[in-house]
Amino acid sequence: MSSGPPEDDPLASAPNDAELQDEYLQQALLSESGAHPRMSLTRVHIRLGRRFISIWWLLAAVAGLGVAVVVAAKLYAASSSGRAFVARHVCIAHASSAPVGVPAFVRWTHLLSFVFLIMIVRSGLQVLADHPRLYGKVHCTPGREWLRFRGPVPQDRVWTAKDDAITLSPLVGLPGGRHTIGVARHWHFIFDMLFVINGIAYVVFFFATPWFHRLLPTSWSLFGEAASCGVTYLSLHLPQGATAWVRYDALQQLSYFAVIFILAPLAILTGLAMSPALDNRFRWYTRPFGNRQIARSLHFLVMVSFVVFFLGHMALVGLTGLAKNLNHITLGSNADNLNGFAIWLLVVVLVIGLNVWAVRFSWTHTRILQRVSNATVGRVMDLLFDHFAPKVQYERKDISPYFWPNHIRLPEGPEWEQLRDGDFRDYRLKVHGLVEHPVELSLIELREMAKQQQITMHNCIQGWSGIAEWGGLPFSTLIDLVEPEPEAQWVMFYSLAKGGDGGVYYDSHSIHDLRHAQSLLAYEMNGERLPILHGAPLRLRVENQLGFKHVKWIGEIEFVRHFSERFAGYGGYQEDHEFFGYRDEI
Ligand SMILES: Nc1nc2c(c(=O)[nH]1)N[C@H]1C(S)=C(S)[C@@H](COP(=O)(O)O)O[C@H]1N2
Ligand SMILES: [Mo]
């Protein structure tokens, strides 16, 4: 019986981070080609019924609507009823207890949320580029997406989700390149955590000080006043009266309130709704957002709303007295000098510097970024998510009509061909390592042991998902059969296929996760024999983890003390080669 990983994989003996990083960089920065187009507005199409039309038409329609609204507002504002409405609802509310000025706390949290959001949006776009389609239903059927950033899915060949990923310029995405979702997620989650901490600090301050008088809507009249502001702004005038130093106008108050107390929480909640650990355990949590795909679409629309708000906010800051406004928000002074403007310029330069540094760091210190993320984000995920055993079951009617295939390489070579051509009669699953009873099991033996069926949602890290029925051997039965030794805490799954850069595709799971009722060695999909495309003869299901950890074409299983003993030591092929997080439950 062999011990250790199969094959003479060079990485098994000499894991070399520098080489892996180099390979990663080369792959990710492969120049744009037909198969890997760049994300650009020109390629974005939105679906109208059965047809996809260019996003430019939508933008033109929005611009046309904007002009029409301005004309209507101008006509209304000039009419007697419009004048009466604006006079009756005073745009600048007279909240008497609101504090004057901008406290240091608000200025700092404002600055930090700006910096964090830039990083979050840029890395989020990079994540989006890895599956550049957005769906309005639970299924991810090609042609049924409502928004796409590249052309239709080719029908004449197998087209995996990896094939579908597009390239992003580092000017737009963090870190830029193609299929750099692992690194993008590290930045995304690190800055998410900072954003949340900053947000919590702000909310505490908000309710602990009189500052809440500035923003909290406490009377219905505010909406009439905001409408009056709207008529004024849209007819291209500025409201007269007190400045933001003393109080916000009603529209400003409502929009700031909405951004902080509606948009930001929605960003967090819709983001969490994409987690397999949450979705496959607490369906009630995802349900208000519909499902993972709708949550993903909403997450995107929240991002668009932030960007639109940001542009409008900047424009109005400029139009309503740039120098003073910037003094308010940077220095907390009401002076008319250019000090605030100078500080603003400095911040812009520093933020650009931060982004240039982050892109460079992503490529020169990829492993360090991954380790920092594992030690922070990974730890938090362990603490928050790890004890949730997946248990959600869907019904037959929920099964997805289309299930994306995903891999870079199928198994190959004469041994594989022999197995495949023999209908896997000669297939033997080898289970070894730190166990009392190592075994080799044929498919027939596996089928005879115990069978479980489950209808679950598969969550790919790239963004797509699919519901399918899986039938196979509950992993706990295998654990009981082989009796792991006490020091065995992790289980390695070695595929018969290689990964994209060569070397055995593998991943690892804790025995804790594998004892969950929904951890399965599957040989059936949707009531039929598992197709080769989806991992025949045997593939893994561990429903609280992302798809890349569900190894297909399993050849060997090894019980070990810790995954760090194998290959480069980060827990799996994608963790070693693509710098993914060490267990991705979100
Ligand atoms: N051997 C092997 N297993 C693999 C992969 C792979 O590339 N090689 N891709 C993983 C990824 S990223 C996903 S999302 C799922 C996809 O499973 P599917 O092809 O059945 O959809 O398989 C996982 N298992
Ligand atoms: Mo995946």
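Pro 175 is found in the loop between strands β5 (167-168) and β6 (177-178); strands (E, at least two residues) and helices (H or I, at least four) are DSSP runs, numbered from the N terminus. The peptide bond that joins Leu 174 and Pro 175 is cis, with omega about 10°. This is a predicted model, in which local features need pLDDT of at least 70, side-chain atom pairs count only at pLDDT 80 or more, and totals for chains, interfaces and linings use all residues. Residues are numbered from 1 along each chain as its sequence is written, chains are lettered from A and ligands numbered from 1 in the order in which they are written, and side-chain values use heavy atoms, with hydrogens and water left out.

A cis peptide bond also joins Ala 536 and Pro 537, again with omega about 10°. Pro 537 lies in the loop between β14 (528-529) and β15 (539-542). Another backbone feature is found at Phe 567, which has a positive phi of about 50° although it is not a glycine. The loop that holds Phe 567 runs between β16 (554-560) and α21 (573-577).

Next comes the covalent link. A disulfide is a covalent bond between the sulfur atoms of two cysteines. Here the term is applied to a pair of cysteine sulfur atoms within 2.5 Å. The structure holds one disulfide, formed by Cys 91 and Cys 229, with their sulfur atoms 2.0 Å apart. The link of Cys 91 and Cys 229 is right-handed, with 105° about the S-S bond. It joins distant parts of the chain, 138 residues apart: Cys 91 is in the loop between α4 (80-88) and α5 (104-129), while Cys 229 is in helix α9 (residues 221-234).

What surrounds ligand 1? The shell has 22 residues, and the closest are Trp 404, Asn 406, His 534, His 550 and Lys 552; a residue is near a molecule if one of its heavy atoms lies within 4 Å of it. By class, the shell has 11 nonpolar, eight polar and three charged residues. Ala, Val, Leu, Ile, Met, Phe, Trp, Tyr, Cys and Pro count as nonpolar, Asp, Glu, Lys and Arg as charged, and the others, Gly among them, as polar.

Some side chains meet oxygen atoms of ligand 1. A polar side-chain atom of Lys 552 lies 2.4 Å from one such oxygen atom, and for Arg 539 the distance is 2.9 Å. An N or O atom in the side chain of His 534 is 2.7 Å from an oxygen atom of ligand 1. Taken alone, ligand 1 exposes 530 Å², and the protein buries 99% of that; the areas come from the Shrake-Rupley method with a 1.4 Å probe.

The last topic is empty space. Rolling a probe the size of a water molecule over the atoms shows where empty space is left. On a 1 Å grid over the protein atoms alone, a cavity is a set of points where a 1.4 Å probe fits but cannot get out, a pocket is an open set with protein on both sides within 12 Å along at least five of seven lines, and lining residues have an atom within 4 Å of a point. Grid points are joined across faces, edges and corners, and a volume is the space filled by probe spheres set on the points.

The structure holds three cavities of 30 Å³ or more, and about 100 Å³ of space lies in the largest cavity. Of the 15 residues that line the largest cavity, the closest to its centre are His 186, Ser 373, Met 381, Gly 581 and Asp 584. Helix α16 gives the largest share of this lining, five residues.

The second largest pocket holds about 1000 Å³ of space. Its lining has 28 nonpolar, six polar and four charged residues, and α7 gives the most, with nine residues.

Terms used: Polar contact = N/O pair within 3.5 Å; in protein donor to acceptor, adjacent residues only side chain to side chain.
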